[in-house]
Amino acid sequence: MKKIEAIIKPFKLDDVREALSEVGITGMTVTEVKGFGRQKGHTELYRGAEYMVDFLPKMKIELVIPDEELEACLEAIQNTARTGKIGDGKIFVCEIEQVIRIRTGEENEDAL
């Protein structure tokens, strides 16, 4: 099993969710996060004063999937979240050793 963590632009969330749904993903966790990479923030104007916004708003999507669904999920996220501009985000893939559904006690792929 694999865990995918994708950091994307907030306005791309609905498109990515729909694309993942189309490839059969039924569950995910979404968190509002802030951060920066090469984009390094930007300046904004408030009441005539300019100030630096270091941490930009992003969305973090987390999902745990069977190994055979990995490529389809990665492709769906990349193709949907890509704008071609700096700050499109990143995708991290990790190995998952064990999953337990608390309600039933099912384990691993049965718990997904």
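Which residues form a negative surface patch? The views below are of a predicted model, in which local features need pLDDT of at least 70, side-chain atom pairs count only at pLDDT 80 or more, and totals for chains, interfaces and linings use all residues. Residues are numbered from 1 along each chain as its sequence is written, and side-chain values use heavy atoms, with hydrogens and water left out.

**View 1. Negative surface patch at Glu18.** Asp14, Asp15, Glu18 and Glu22 form the patch. Patch members have over 30% relative accessible area and no salt bridge, with like charges joined within 9 Å; a salt bridge is a side-chain nitrogen of Lys or Arg within 4 Å of a carboxyl oxygen of Asp or Glu. Glu18 belongs to helix H1, residues 13-22 (a DSSP run of H or I, at least four residues). Its relative accessible area of 41% makes Glu18 partly exposed (buried is under 20%, exposed over 50%, partly exposed in between; 1.4 Å probe, protein chains only).

**View 2. Ile102 in the segment after strand S6.** Strand S6 covers 89-95, and Ile102 is placed in the segment after this strand (strands are DSSP runs of E, at least two residues). Ile102 is exposed, at 83% relative accessible area. Between Ile102 and Lys85 there are 41 Å in space, C-alpha to C-alpha, for a sequence separation of 17 residues.

**View 3. Backbone at Asn108.** Asn108, also located in the segment after S6, has a positive phi near 55 degrees although this residue is not glycine. Its relative accessibility is 29%, hence partly exposed.

Terms used:
Patch = residues over 30% accessible without salt bridge, like charges linked within 9 Å, V, L, I, M, F, W, Y side chains within 5 Å. Areas by Shrake-Rupley, 256 points an atom, 1.4 Å probe, with all protein chains shown as cover. Lys, Arg positive; Asp, Glu negative; His and termini not counted. Charge placed at Lys NZ, Arg CZ, Asp CG, Glu CD.
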